[in-house]
Amino acid sequence: MMKDMHTVVRLLRNHLYPTYQLYAVMNSRKLAPLEGLKLGALTVLSWLRQRLGAAAAEALQTPEPEDYASFDVADLVSVHLNYGFVIDIISLPEKGLWTLQITEPDLGSDPGNPQQQRKPVAGRIIETNVSFAVQGQQLECGVQTVISDPENTPLADVYRPAFVKKLYNNPDFGLAQVIPLQNKPRYINNVEKLKSMLQLYHNQHNQLPCVLFTKVPKLVDEGLPLEGLSLESLQQEHVDASYDEKGNRMRPIRVEHELVDRLAPKNKQKSKQAPPKETDKPLVATSIEELRILARNPLALQKSRSLAKAKQERLEYALPPYDIKRFAASWCGFAHVYLLEPQLVDKLQELEGLKLQAGDVVVLEPQCFKGGKIVMPIAEAKQNAYQLNKLIFAYPREKGVDFGNLYFLSGARDALVNSTLEAKAYSNEQAERFATEQSLRDAKWQAKLQERNNLVAQLENKLHKQEQRLNMAEQLVAEREAAAEQAQQRLQKQLAEKEEYIRFLQQRLQRPRTKKELPQWARHSLAPHLVLHPRAEATLEAACLNEDRLELVYDALEYLATDYWENRYGELSDEELLNRTSLKYQRGFAVTPNSDSSIATYPNQYKLNGYTMLSGAQVTKALDYHLKTGNKAEHLVRIYFFFDDERRRIVVGSLPEHLDTVRF
């Protein structure tokens, strides 16, 4: 009797979990939500065509995103395609909904290439979900990658789809997760900005961690000056490589090992100092702590003050030993990145109960994910860069992200299709068979090629030596030319900066000095970047200004029309803005938004009726921003304005007095 060879294929439970996840809203005032849905869908479809290549179906042949204005949103169609991988698109523009789902097997990072960097995982199914939904006056956007793995399979890496970067970098679209996604670090240089960041941290709607870098002291130990140490001498390649969100090896993280070693607690050495000599002048305690020291030993108080003064005079700060700009760019869509000025470290400790020192990195997890606080000390900076990449890139994985009112196709399914162990074994068997056949084919031709390769190798060796000599000579010439060019550029830049500063000082000397001449000066010197509304001229005329206060008004208006305008509408960075302001005016100007409650409570003060837009429409504009400087009445200046982004200009509606505000 023949033996029954049939077997029953066992069903295995798969591990289903999300990796990359992002919920955001369109951050553009230019587009209506439905227009934004159209632009977002075209951006995703462009990415999909790049993935499909020549295999892209006719239904996916839509214009590129930059041509969205001439495309009718009604032409976005629903599609179902099955090529072994499945593409489902549901397009309901009349209901403000567009969603895409791609279900595909894992084929690795470069399908078909046996040398691909990331090998495929047998049995793994990848589901990519994208959704746009119009909700009232905003467009909600959601991205979620879901992995289905056989049991005991290592967790998949987290990859941010390329179209996410295109969306947040597109000035017509942009993305905001409570605050706009930004591919560069935000600088916290005052208490208001620190509190604003902490408000984001405590906001239950925020779902991205905040990473705070703090500056490091250049000098931390007595008798250890850093003069003579170049940046190159402080840098050394880290042994742990970092990887970006696509799994590609990034350039090594460089850290200042010698500086970090000095900061490490285990390497600190107390320098011996002779006790200060007693003086005839009596010591007076200025705090309870000093009173306790004085009661024990007067010399100890004197020594404590001397050391504190010496430390204050010697302490300087530099950027921490991390490539913060590169982190901010690669983590956009994963986290918000900040650089905290050293004078605010104590304030952060006070507000959040943290124990920090200059150079530490702080990771603040969203409150919706328990709001954890992670401090990475500067003493462990050699490992921190790798650990930060590992933490941030993996953070969205398996998190319960709230996608608001969005709907994914996967939400209607119970689970992805589970792969079986038999399918995995078959896949491995086929891979081994292919490898064996390829090895036999290689051996057949290897013998024929070997003889010819030996003859060619001798000639190649001679040619290689000649090429090396030539390359070394060319490289030496190129290096010298590059060094000369860099030196020339630095010199030209320095000369240009000095000429610009001299020109500024000359113009300032020629500037009028009376209140009566100010409106005419503004029309002549500050337009078209800044204009004074007739109400502003009226409030200026009614104001009582002494000479110092009038000079502040001139400076503040000039600052808004030049450096601040270039920061908002040009390419001037926040750091360059601060440096220019400090050099030109020897003071800072704070520009902050006005509260909605103050605008609503005092509309006669904050709203301008009948403002003519570029289109000719008459609208009511709110003075939603103001510049402030000074606190005492004789030096207080407040300038209230709004941005006319169509004309790229600042419109001042009231100055220089403080308008009424609502206080809580």
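This is a predicted model: local features need pLDDT of at least 70, side-chain atom pairs count only at pLDDT 80 or more; totals for chains, interfaces and linings use all residues.

Biologist: How many helices and strands does the chain have?

Modeller: There are 17 helices and 24 strands. Of the 664 residues, 41% count as buried. Among contacts between residues at least 6 apart in sequence, 68% join residues at least 24 apart.

Biologist: How many aromatic pairs are there, and why is the pair of Tyr 611 and Phe 642 described as edge-to-face?

Modeller: A pair of aromatic rings is described by the distance of the centres and the angle of the planes. The count here comes to 25 aromatic pairs. For Tyr 611 and Phe 642, the ring centres are 5.0 Å apart and the planes stand at 85°; planes over 60 degrees apart count as edge-to-face, so this pair is edge-to-face. The pair links distant parts of the chain, with Tyr 611 in strand 20 (residues 607–612) and Phe 642 in strand 23 (residues 637–644), 31 residues apart. Both Tyr 611 and Phe 642 are buried.

Biologist: Which residues form an aromatic cluster, and where does the charged end of Arg 568 sit?

Modeller: One aromatic cluster is formed by Tyr 559, Tyr 564, Tyr 585, Phe 589, Tyr 625, Phe 641 and Phe 643. The charged end of Arg 568 sits over the ring of Phe 643, at 3.6 Å from its centre. In another case, the charged end of Lys 399 sits over the ring of Tyr 395, 4.0 Å from the ring centre.

Biologist: Is Arg 160 buried or exposed, and what does its side chain reach?

Modeller: Buried means under 20% relative accessible area. Arg 160 has 6% relative accessibility and therefore counts as buried. Its place is in the loop between strand 6 (138–149) and helix 2 (162–169). The side chain of Arg 160 reaches the backbone oxygen of Cys 332 at 2.4 Å, and a polar contact of 3.4 Å joins the side chains of Arg 160 and Tyr 168.

Biologist: Which residues have a positive phi although they are not glycines, and which peptide bonds are cis?

Modeller: Most residues other than glycine have a negative phi, and most peptide bonds are trans. Asn 152 has a positive phi of about 65°; it lies in the loop between strand 6 and helix 2 and is exposed, with a relative accessible area of 81%. Gln 586, with a positive phi of about 55°, is found in the loop between helix 15 (574–585) and strand 19 (590–593). Gln 586 is exposed as well, at 57%.

As for the cis bonds, one runs from Ala 527 to Pro 528, with omega near 0°, and another from Leu 655 to Pro 656, with omega near -5°. Pro 528 is in the loop between helix 12 (518–525) and strand 18 (530–532), whereas Pro 656 is in the segment after strand 24 (649–654).

Key
Residues are numbered from 1 along each chain as its sequence is written. Side-chain values use heavy atoms; hydrogens and water are left out. Rings of Phe, Tyr and Trp (its six-membered ring) pair if their centres lie within 6.5 Å; planes under 30 degrees apart count as stacked, over 60 as edge-to-face and the rest as tilted. Helices (H or I, at least four residues) and strands (E, at least two) are DSSP runs, numbered from the N terminus. Buried means under 20% relative accessible area, exposed over 50%, partly exposed in between (1.4 Å probe, protein chains only). A charge sits over a ring if NZ of Lys or CZ of Arg is within 6 Å of the ring centre and within 35 degrees of the ring normal. A polar contact is a pair of N or O atoms within 3.5 Å; within protein, one must be able to donate a hydrogen and the other to accept it, and residues adjacent in sequence count only if both atoms are side-chain atoms. Contact means heavy atoms within 4.5 Å.
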